Amino acid sequence: FRYPQQATDELGLDILGVVPRLEHGRKPESRTEQAWQVTEAFRTVRMSVSQAREAGPLLLTVSSPSSGDGKSFVCSNLALSFVSAGYQTLLIDGDVRRGTLHQIFSLTTQPGLTDYLSGNAVLGEILRGTESGLTVITSGSRGERAPELLASKRMTEMMATLATRYEVIIVDSPPLSAGIDPLVLATHTTNLLMVLRVGETDRRLADAKLRIV
């Protein structure tokens with residue numbers, strides 16, 4: 001992708017917002033300005049997502065065509081934006097293969113999502129509070145059966161329970177190139193937000209993967 005409008009013109013996707021590229025090595029005053037621009041960008045995405053929601057809690061799966069597109073960065077900051085607006089928000093790391101949200105929020109991976117789905121943890125054990133007021137469920141223990149657990153009845157029941165407790169639930173999924181995991185997770189939330197990165201995302205790969213969706 002060379003510019004954001006290609007997402008609409010070539011893929012038929014609605015653009016919910018554009019997040020500026022973070023540039024490291026800037027002077028302190030420049031970094032402050034950059035942080036403000038990012039905050040405003042996610043506020044715009046939050047408002048766009050909120051307007052698109054139907055009645056009831058907002059359930060949203062976030063993915064990207066391939067790794068390195070910035071989906072976890074978008075997930076974490078979008079979730080924090082909802083918290084700052086006063087929403088009871090839960091962020092779930094559904095990337096049970098290579099999840100990184102525990103690193104972003106300085107949490108341990110276990111117990112997490114896969115531990116609950118496999119029956120090795122109860123729901124209260126995997127709900128982690130953060131200083132920001134955001135609740136996080138980490139990816140949990142990794143294993144060969146981990147992806148299969150996402151399609152389990154226990155996952156469906158868990159999402160139904162959590163939807164009665166939180167106003168916003170955001171699920172960070174693996175990229176579409178990793179397999180069917182994002183599609184499975186999207187069936188639990190009924191909404192899928194796609195992250196495309198200008199200068200990084202392969203347009204032809206994105207087109208091919210979105211045709212499957």
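A pocket, as used here, is an open set of grid points with protein on both sides within 12 Å along at least five of seven lines. Keep that in mind for the second exercise; the model you're looking at is a predicted one.

**Exercise 1.** Work out the strand order of the sheet, and find which strands stand at its edges.

*Solution.* 
- Start with the order: six strands form an open sheet, running β3-β4-β2-β5-β1-β6, with mixed pairing.
- Now look at the ends. β3 (128-129) and β6 (192-194) each have a single partner strand, so one side of each has no neighbour in the sheet.
- Zoom in on β6: three bridges join it to β1 (residues 58-63), and the two run parallel.

**Exercise 2.** Describe the largest pocket: how much space does it hold, and what lines it?

*Solution.* 
- First the space: about 1,500 Å³.
- Next the lining, which has 50 residues; V74, L193, M194, V195 and L196 lie nearest the centre.
- Then the elements: α2 (28-52), β1, α3 and β6 give two or more residues each.
- Finally, sort by class: 29 nonpolar, twelve polar and nine charged.

Terms used. Residues are numbered from 1 along each chain as its sequence is written. This is a predicted model: local features need pLDDT of at least 70, side-chain atom pairs count only at pLDDT 80 or more; totals for chains, interfaces and linings use all residues. Side-chain values use heavy atoms; hydrogens and water are left out. Two strands pair if DSSP finds at least two bridges between them. Helices (H or I, at least four residues) and strands (E, at least two) are DSSP runs, numbered from the N terminus. On a 1 Å grid over the protein atoms alone, a cavity is a set of points where a 1.4 Å probe fits but cannot get out, and a pocket is an open set with protein on both sides within 12 Å along at least five of seven lines; lining residues have an atom within 4 Å of a point. Grid points are joined across faces, edges and corners, and a volume is the space filled by probe spheres set on the points. Ala, Val, Leu, Ile, Met, Phe, Trp, Tyr, Cys and Pro count as nonpolar, Asp, Glu, Lys and Arg as charged, and the others, Gly among them, as polar.
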